[in-house]
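Biologist: I have just opened a structure that is new to me. Could you help me learn to read it?

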Amino acid sequence: MFIDTHAHIYSEEFSDEYREMIERADKAGVKKILMPAIDASTHGTMLQLQENHPTTCLSMMGLHPCSVNENLEEELKTVENHLKQRKFVAIGETGLDFHWDLTYKEQQYHAFEQQAEWAIEYKIPIVIHSRKSTQACIDVIKKYTPKGLRGVFHCFSGSQELAKSIIKEGFYLGIGGVLTFKNADLAEVATQLPMEYLILETDAPYLAPVPYRGKRNEPSYIPLVAEKLAALKSITIEEVETLTTKNAMELFNLTDDNA
Ligand code: NI
């Protein structure tokens, strides 16, 4: 079985066919789908999906860096309240985004560090978004890894050097559709990455792999990423499946029947 470790399947883009989309994932061998939170506006739909599909769809809890604004304290309070009430598979997604808007850069750091502390407190991994900010995110997690922080840099697409620094901290790399893009540096970098630190993700509905590039992405496309990774590493797709699933189960403390 495959695990899609990062999919925003509660997105409105699927609202007419959640059930069908999850069935397609199941047929493709994708038996677990981890859902990163964005902000209070999407928690309801996310938790509802988990209620409807409790062994397949597992929620994270957190505040996305692109949702950090003047509501920050209120949003963090909401996250904290959810964390107190029930179990989540991870904190996320959090991190830093220096691509879109730097207005709330300082607040992004504050939100990220608060969430790193919660990940340690609740003993769950952290899922990091690091667009145009990978080194900055590494610098933040370095302060927390000695206290036991674990996690993944989701949608990793950086250099070999950045990958090495991340792995040195014991963090995993989330590999998705970008791997299949023509001229993606990631394909070259991926040949050198140790399988022990790779997990698969779609980031649905974004970043669909070839041949669906530019279209809506969904968890059933995970085997396309696995196939590409297998070709780059000169191993079988079954080996990619076994290794990445084992890594994801370890990182997110998953069991076969789940909790
Ligand atoms: Ni995401």
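Modeller: We will go from the overall fold to a few single residues. This is a predicted model, where local features need pLDDT of at least 70, side-chain atom pairs count only at pLDDT 80 or more, and totals for chains, interfaces and linings use all residues. Residues are numbered from 1 along each chain as its sequence is written, and side-chain values use heavy atoms, with hydrogens and water left out.

Biologist: How many helices and strands are there in the protein?

Modeller: Helices (H or I, at least four residues) and strands (E, at least two) are DSSP runs, numbered from the N terminus. Here the protein has 9 helices and 8 strands.

Biologist: What does the radius of gyration say about the protein?

Modeller: This value is taken over C-alpha atoms, and the globule rule is 2.2 Å times the number of residues to the power 0.38. A compact globule of 259 residues would come near 18 Å, and the protein agrees with its 17 Å.

Biologist: How much of the protein is buried?

Modeller: Buried means under 20% relative accessible area, exposed over 50%, and partly exposed in between (1.4 Å probe, protein chains only). In the protein, 57% of the 259 residues are buried. Take strand β5, residues 126–131: 5 of its 6 residues are buried, so the rest of the structure largely encloses it.

Biologist: Which strand pairs with β5, and in what sense?

Modeller: Two strands pair if DSSP finds at least two bridges between them. Strand β4 (residues 91–97) pairs with β5 in the parallel sense, over 5 bridges.

Biologist: What should I look for in the backbone angles?

Modeller: Most residues other than glycine have a negative phi, and most peptide bonds are trans. Lys123, in the loop between α4 (105–121) and β5, has a positive phi of about 55° although it is not a glycine. Lys123 is exposed, at 69% relative accessibility.

Biologist: Which peptide bonds are cis?

Modeller: The bond from Ala204 to Pro205 is cis, with omega near 10°. Val210 and Pro211 are also joined by a cis bond, with omega about 10°. Pro205 lies in the loop between β8 (198–200) and α8 (222–233), and Pro211 lies in the loop between β8 and α8.
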